[in-house]
Amino acid sequence: MTNDSDKPIFERSCCPVACALDLLGDKWTLLIIRDLLRGKKRYQEFLESPERIATNILADRLKRIESAGLVIHQAYQQKPVRYEYALTKKGEDLTPILQALVKWGRAYYPDTKVFESVEK
């Protein structure tokens with residue numbers, strides 16, 4: 001993150017792990033990124049995930065990851081206005097991190113399963 005004078009702004013530390021966790025370290029953000037990588041695009045699709053995210057938390061996280069440059073949104077309907085979300089390159093670059101979490105999770109939680117991608 002930077003401010004107008006191009007000096008870095010750090011929430012708690014200049015450590016790259018701490019900076020990444022400031023954005024991604026809550027209970028929901030990586031699950032939303034996971035769903036985007038699986039092909040979900042619309043608000044209702046995120047709500048249908050098995051983790052059952054609350055609507056207020058989903059709205060907050062989508063705004064947060066959009067302001068961080070991980071996703072963009074575009075209207076697909078005008079009345080009422082409804083949006084589709086898509087990962088930016090910055091968001092797509094999280095793919096190997098999620099793949100590593102899947103690998104680790106499957107090794108230490110062998111009864112888990114990887115969800116299939118959403119048909120497009």
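**The hairpin and its surroundings**

Modeller: The chain has six helices and two strands; these are DSSP runs numbered from the N terminus, helices being H or I with at least four residues and strands being E with at least two. This is a predicted model, in which local features need pLDDT of at least 70 and side-chain atom pairs count only at pLDDT 80 or more, while totals for chains, interfaces and linings use all residues. Residues are numbered from 1 along each chain as its sequence is written, and side-chain values use heavy atoms, with hydrogens and water left out.

Read from the N terminus, the elements follow the order α-α-α-α-β-β-α-α. The C-alpha trace spans about 45 × 45 × 25 Å along its principal axes. Of the 120 residues in the chain, 26% are buried, a word that here means under 20% relative accessible area, with exposed meaning over 50% and partly exposed the range in between (1.4 Å probe, protein chains only).

The part to examine closely is the hairpin. Strand 1 (residues 71-77) and strand 2 (residues 82-87) form it, with four residues between them. The two strands pair in the antiparallel sense over six bridges; pairing requires that DSSP find at least two bridges between the strands. Within this arrangement, Gln74 stands opposite Glu84 of strand 2. In a regular strand, side chains alternate between the two faces of the sheet.

Aromatic rings come next. The structure holds three aromatic pairs, counted where rings of Phe, Tyr or Trp (its six-membered ring) have centres within 6.5 Å; planes under 30 degrees apart count as stacked, over 60 as edge-to-face, and the rest as tilted. Because Phe46 belongs to helix 3 (residues 43-47) and Tyr85 to strand 2, the pair ties together parts that are 39 residues apart in sequence. Phe46 is buried at a relative accessible area of 1%, and Tyr85 is buried as well, at 13%. Elsewhere, ring pairs link Trp104, Tyr108 and Tyr109 into a cluster.

The charged end of Arg42 sits over the ring of Tyr76, 3.6 Å from the ring centre; the term requires NZ of Lys or CZ of Arg within 6 Å of the ring centre and within 35 degrees of the ring normal.

Helix 3, which supplies Phe46, also holds Leu47. Leu47 is buried, with a relative accessible area of 16%. Neighbours within four places in sequence aside, Leu47 is in contact with Arg52, Ile53, Thr55 and Leu58, contact meaning heavy atoms within 4.5 Å. The C-alpha atoms of Leu47 and Asp60, 13 residues apart along the chain, lie 13 Å from one another. For the chain as a whole, 42% of the contacts between residues at least 6 apart in sequence join residues at least 24 apart.

Asp22 counts as buried at 18% relative accessibility. The side chains of Asp22 and Arg12 are joined by a polar contact of 2.7 Å; such a contact is a pair of N or O atoms within 3.5 Å, and within protein one must be able to donate a hydrogen and the other to accept it, while residues adjacent in sequence count only if both atoms are side-chain atoms.
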